Amino acid sequence: MPITRSRLLAAGVLSAAVAVAGAVAVPATAQAAGKTATTSAAERRRLDKLPTPKLGWYKCYGTAECATVKVPLDYDKPKGAKTEIAVLRVKAKNQKAKIGSLFVNPGGPGGSATAMAADAPLFLSDAVLEKFDVVGVDPRGIGASANIKCFKSVKDQTAVFNRMNVAFPLGKTQEQRYISGAQSFGKACSTTGKTLAGAMSTSEVARDMELMRRAVGDKKLTYLGFSYGTALGQYYANLFPDRFRAIAIDGNIDPRQWAGTGSSGNQILDAG
């Protein structure tokens, strides 16, 4: 979904300058009990015993700072395999008056959060840029993070992508060719690319963001997300309900439909 300049400006000011949380989902069990929701014991076990990553920032893209960091491929196996994620920040203009960091995600899934953060001076208001570091974390497997490799060779990849190289398939022949390519693509990512593909869930990306929140030194998360980024924001809010300061989401995806289970299995993902 395209992101317009006016929508970004409005949402950025909402999330950061005014500090009003967007439509976030709070666990129903806590709501029903009239209690303040807190991070579960299971999530505390997964995250809180991990050392806070040290980000080796270096200058990049003229006005930004970049870093990469290795995180557990599976947070239930913290001493096991790792994957590398990329982080970028544009520092607040007034560091003495800085409120914290504004984490951003443009959606997709597959859109680059580091690219969005790098463009922060082009779309966020001066009020936001003055008092917030703008931070982008590329979801595992895409962007500047360690990429998923679904094919054994570029030749194999090209053969599959050629079957999908149409803006919109028209007619039975094009439709069958496109579907065949999509099925081959999915099979490749679940076989050759299985190791990383099997660890690219939205929950794991939310856990990566929680770890990066600690890494940049914020006590609580401030977040702005669009399209798929709204699902990510809602997942974070449910996993870590006591660890966010403000969440603004625009172009909302129903997280239950996103999971594609039960009665929502055949519904389109972005039906609000």
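A residue counts as buried when its relative accessible area is under 20%. With that in mind, welcome to a short tour of this predicted model.

**Figure 1. The whole chain, before we zoom in.** By the cut-off above, 43% of the 272 residues in the chain are buried. The fold comprises 12 helices and seven strands. Of the contacts with a separation of 6 or more, 69% are between residues 24 or more positions apart. The chain exposes about 14,100 Å², and carbon and sulfur atoms supply 54% of that area.

**Figure 2. Helices H10 and H11 packed against each other.** Here H10 (residues 202–215) meets H11 (residues 228–239) at an angle of about 70°, and their axes are 9 Å apart. The two helices are therefore roughly perpendicular. The crossing of H10 past H11 is right-handed. On the H10 side, the contact is made by Thr 202, Ser 203, Val 205, Ala 206, Arg 207, Met 209, Glu 210 and Arg 213. H11 answers with Tyr 228, Ala 231, Leu 232, Tyr 235, Tyr 236 and Leu 239.

Figure 3. Tyr 61 has a positive phi of about 55° although it is not a glycine. For context, most residues other than glycine have a negative phi. Tyr 61 is exposed, at 68% relative accessibility. Gly 62 also counts as exposed because its relative accessible area is 73%, and the cut-off is over 50%. Follow the chain for 56 residues from Gly 62 and you reach Ala 118; the C-alpha atoms of this pair are separated by 9.4 Å.

**Figure 4. A cis peptide bond at Pro 109.** The bond joining Gly 108 and Pro 109 is cis, with omega at about -5°. Most peptide bonds, by comparison, are trans. Look for Pro 109 in the loop between strand S4 (100–105) and helix H4 (113–118).

**Figure 5. Ser 227, between strand S6 and helix H11.** This view returns to H11, with Ser 227 in the loop that lies between S6 (221–226) and that helix. Phi of Ser 227 is near 50°, a positive value in a residue other than glycine. Is Ser 227 buried or exposed? Its relative accessibility is 10%, so Ser 227 counts as buried.

Conventions: Residues are numbered from 1 along each chain as its sequence is written. This is a predicted model: local features need pLDDT of at least 70, side-chain atom pairs count only at pLDDT 80 or more; totals for chains, interfaces and linings use all residues. Side-chain values use heavy atoms; hydrogens and water are left out. Axes are lines fitted to C-alpha atoms, for helices over the stretch in contact, and angles run from 0 to 180 degrees between N-to-C directions. Helices (H or I, at least four residues) and strands (E, at least two) are DSSP runs, numbered from the N terminus. Angles under 35 degrees count as roughly parallel, over 145 as roughly antiparallel, 65 to 115 as roughly perpendicular and the rest as oblique. A crossing is left-handed if the near helix is turned anticlockwise from the far one by less than a right angle, and right-handed if clockwise. Contact means heavy atoms within 4.5 Å. Buried means under 20% relative accessible area, exposed over 50%, partly exposed in between (1.4 Å probe, protein chains only). Accessible areas come from the Shrake-Rupley method with a 1.4 Å probe; for residues, only the protein chains shown count as cover.
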